[in-house]
Amino acid sequence: MRGQNVSAKRYGSDMARPATSERAWSDTQLIEAVTASRSWRGVMRKLDLCVTSAGSIRVVRRHVARLGLDTSHFTGQRIWSDAKLMQAAPEARSWSALLAAIGAKSTSRAYQARVKAHALRLGLDLSHLDDHAQGASYQPSPTPAIRNLRDAATMLAAAWFSLCGFATAIPVEPAVYDLLVSMPDGIRRIQVKTTTYNGKSGWQVAVGRRPYSAGNRGRLVPYDPDSIDDFFIVDGDLTMYLIPSQVIAGRVQILLRTYARYIVGSAAGFMTSRPNAA
């Protein structure tokens, strides 16, 4: 109908005008939220929006891009921002110096890879750190640290089973178990857990899992005992436990001192400093 026709000029101006009907917040509120937040989730909370809505996040990101807002201070789950990395990268002469400058809590090669990925996204050149990276990671007298226990636990479990004469394998696809062990009675599926929390009653460990949830903040639920055969647990003293899943079925937290009969050894020797060792 003639009354419904829209001229090209009017159509273009309408398209250029920000659509406010689809959102309950203004550009001013968005600017304030971005400035005060350290993550996209923080922005969503400031705007009273659902933090798990992918559609809402896309809308917010689109308007942030339209306004040209700076998000380099966003850290997400990191403790350092893009801005801090951009400032520290040119000045650092070694990986240890760079990680210290951005306040990183880990110096592992896995964490270095994470920093490298962010640097690549930001267009930063870290090639001048390469010669120092090896020296930082492989010192003449490296010092084991309990903060790396979670990363090392699966390898500790594999080493223990291997010393017992059993072949081990790590699943190539994400699985509910961490390790496969070939034993005389068949393949055993092993879930590896660690704890560094020593409460008043002793070492406590979470033996539940969190089904996929945004931010990995869902409540713990028990493992299906038909999916896991054994739990291999390493506590903060590097005492190792091998507990059948049926023994702790239905639980999501346990106190390790009540499972002392399942202790199979200790890796505490790894923490012993032997500067004269070959």
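Colleague: How much space lies in the largest cavity? Please set out its lining too, and then the surroundings of the pocket and the helices.

Modeller: The model is predicted, so local features are given only at a pLDDT of at least 70 and side-chain atom pairs only at pLDDT 80 or more, whereas totals for chains, interfaces and linings use all residues. Residues are numbered from 1 along each chain as its sequence is written, and side-chain values use heavy atoms, with hydrogens and water left out.

The largest cavity holds about 60 Å³ of space, and the structure has one cavity of 30 Å³ or more. A cavity is a set of points, on a 1 Å grid over the protein atoms alone, where a 1.4 Å probe fits but cannot get out; a pocket is an open set with protein on both sides within 12 Å along at least five of seven lines, and lining residues have an atom within 4 Å of a point. Volume is the space filled by probe spheres set on the points, which are joined across faces, edges and corners. Val 207, Pro 222, Tyr 223, Pro 225, Phe 231, Ser 245, Ile 248, Ala 249, Gly 250 and Arg 251 line the largest cavity. By class, this lining comprises seven nonpolar residues, two polar and one charged (nonpolar: Ala, Val, Leu, Ile, Met, Phe, Trp, Tyr, Cys and Pro; charged: Asp, Glu, Lys and Arg; polar: the others, Gly among them).

The largest pocket, for its part, has a volume of about 1,000 Å³. Its lining consists of 30 residues, with Arg 150, Gln 191, Val 192, Lys 193 and Thr 194 nearest the centre. Two or more lining residues come from each of H9, strand S3 (186-194) and strand S5 (202-206); helices (H or I, at least four residues) and strands (E, at least two) are DSSP runs numbered from the N terminus. H9 contributes the most to the lining of the largest pocket, namely five residues. The pocket lining divides into 11 nonpolar, 11 polar and eight charged residues.

The structure holds five aromatic pairs, a pair being rings of Phe, Tyr and Trp (its six-membered ring) with centres within 6.5 Å; planes under 30 degrees apart are stacked, over 60 edge-to-face and the rest tilted. The rings of Trp 160 and Phe 232 have centres 6.0 Å apart and planes at 50°, so this pair is tilted. It joins helix H9 (residues 149-163) to strand S6 (residues 230-234), across 72 residues. Phe 161 and Phe 232 are likewise a tilted pair, at 5.8 Å centre to centre and 50° between the planes. Since Phe 161 belongs to helix H9 and Phe 232 to strand S6, this pair ties together parts 71 residues apart in sequence. Trp 160, Phe 161 and Phe 232 make up one aromatic cluster. Trp 160 and Phe 232 are both buried, as are Phe 161 and Phe 232; buried means under 20% relative accessible area, exposed over 50% and partly exposed in between (1.4 Å probe, protein chains only).

Ser 162 is also found in helix H9, but Ser 162 is partly exposed, with a relative accessible area of 42%.
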